[in-house]
Amino acid sequence: MVCTDACVFPYPRGDTSLRRLCLEARNLGLDSIVCIDAGERAQIHDVLVRRGVLIEAGSMQEVVARVKKEQRTADLLLVRAGDGAFNRAALSYRGVHILRGLDSAPKRAFDQVSAKNAADKGVAIDIDLFPLIHRRGASRQKALRCYRDVLRLHRKFSFPLTISSGARSLLDLRSVREITRLCAVFGMEPHEVEDALFTVDALLEPAGPVEVI
Amino acid sequence: MKPRPPTLREKRRYILARIVPHYRRIEARQMYIAAFEALTSLWGDARASELQMAVISCEPGHCIVRCRRNAEVFVETALSTITEAEGERVALHPLATSGTIHALRKHIRPIPEGHPVDGIAIGGREYAGILFQRQKVDLYAKGIKNQETLYFTCDEMEVD
């Protein structure tokens with residue numbers, strides 16, 4: 001099992017190079033990272049780097065076009081969450097792996113219908129730790145409320161969860177121990193955190209039908 | 001006033017946290033201000049007052065924080081949310097918790113020394129920096145304005 005940070009932004013999006021992020025990730029106990037717009041899948045300093053593409057689109061047509069364009073080269077396709085209708089459509093579209101950014105989506109952007117869609121299609125919902133670490137006050141409270149709601153739906157519908165730091169700098173990366181502590185703030189149990197850290201592997205190698213050999 | 005006998009004293013726990021980047025020199029008082037802000041904003045004033053957090057020492061690369069026994073989880077979580085101290089960007093990674101400072105000191109690793117490097121060009125800009133072990137290089141843009149910091153390794157730079 002591989003412990004993965006599901007979304008980091010190396011230089012030039014952030015201030016830290018990919019190799020340096022890998023060094024720090026290794027120190028913090030991570031086995032793999034999903035780099036947005038990284039070159040290719042690689043193993044750097046014993047950390048597996050997976051290429052992710054973050055699709056930030058206003059409409060579903062744009063998402064479909066980007067998914068078709070990127071799905072051959074990218075390991076993981078992440079879509080930034082929008083309103084309720086957009087999220088339902090994105091979660092139903094085959095090829096999307098992760099929906100992220102629910103903390104900044106409008107109210108009721110993720111409901112029981114979206115949760116059911118995510119569970120049926122095996123699309124993961126990302127829990128981004130960046131707002132918990134960097135925001136203060138009402139903004140952080142909104143993120144915590146949103147993650148509590150996602151967790152409640154996850155326990156009911158069993159859709160996959162991923163955890164990401166959204167790191168743009170090595171200072172934003174967090175260790176597995178810290179991730180467990182931070183997720184406990186909104187009520188996530190340690191075994192749920194562990195499962196969420198291993199989800200990326202499962203997304204890339206989904207369980208197929210049983211074959212008789 | 002006579003000090004309380006040990007059996008009547010409140011039990012304490014000590015948390016060792018790694019400071020990133022390790023060369024940032026932050027006074028214990030400034031670290032306390034940053035930690036207390038993180039603690040109150042995350043858990044609120046009422047809970048923060050119960051935790052009795054204090055910064056015992058803050059040396060380059062690590063700091064030791066004291067709190068009440070059974071409060072270490074709350075303090076560790078709050079330490080993870082520190083992003084700035086003394087106006088500088090930092091991160092704190094809690095490493096270990098113990099009942100004595102002596103036990104924590106065993107976890108402290110020596111701080112690697114850096115060597116200054118100059119004449120590094122990235123994206124058409126000139127940088128100076130410090131080279132550390134394992135080919136880590138922390139770069140500072142030259143000039144007065146926009147002194148951004150970049151974290152790279154030797155493999156990714158063009159050194160003159």
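Predicted model: local features only at pLDDT ≥ 70, side-chain atom pairs only at ≥ 80, totals over all residues.
**View 1. The contact between chain A and chain B.**
Chain A contributes 28 residues to this contact, and chain B contributes 36 residues. Together the two chains bury an area of about 2,800 Å². Carbon and sulfur atoms account for 52% of that area.

One of the salt bridges in the model joins the side chains of A:Asp172 and B:Arg89, with an N to O distance of 2.7 Å. This distance falls inside the cut-off of 4 Å that defines a salt bridge.

**View 2. The side of chain A that touches chain B.**
Three helices of chain A, namely H1 (18-27), H5 (130-134) and H7 (176-184), each provide at least two residues of this side. The largest share belongs to H1(A), with 6 residues. By residue class, the side of chain A that touches chain B comprises 11 nonpolar, 6 polar and 11 charged residues.

**View 3. Confidence along chain B.**
The mean pLDDT of chain B is 89, and 96% of its residues score at least 70. Where in chain B is confidence lowest, and where is it highest? The lowest value belongs to strand S11 (residues 158-159) of chain B, with a mean of 50. The highest belongs to helix H2 (residues 72-80) of chain B, at 97.

**View 4. The two assigned domains of chain B.**
The domain assignment divides chain B into domain 1 (12-105) and domain 2 (115-159). The C-alpha centres of domain 1 and domain 2 of chain B are 29 Å apart. Each of these domains gives 4 residues to the contact between them.

**View 5. The interface of domain 1 and domain 2 of chain B.**
The area buried between domain 1 and domain 2 of chain B is about 330 Å², and 51% of it lies on carbon and sulfur atoms. Which three residues supply more than any others of the area that domain 1 buries against domain 2? They are B:His22, B:Tyr23 and B:Arg24, which supply 87% of that area. Between domain 1 and domain 2 of chain B there are 0 salt bridges, while 2 residue pairs, both at pLDDT 80 or more, are in polar contact. On the side of domain 1 of chain B that touches domain 2, the residues divide into 2 nonpolar, 1 polar and 1 charged.

Key
Residues numbered from 1 in each chain as written. Chains lettered and ligands numbered in written order. Heavy atoms only, no water. Contact = heavy atoms within 4.5 Å. Buried area = accessible area lost by both parts, 1.4 Å probe. Helix = DSSP H or I, 4+ residues; strand = E, 2+ residues; numbered from the N terminus. Nonpolar A, V, L, I, M, F, W, Y, C, P; charged D, E, K, R; others polar. pLDDT = per-residue confidence, 0-100. Domains from an automatic or database assignment. Polar contact = N/O pair within 3.5 Å; in protein donor to acceptor, adjacent residues only side chain to side chain.
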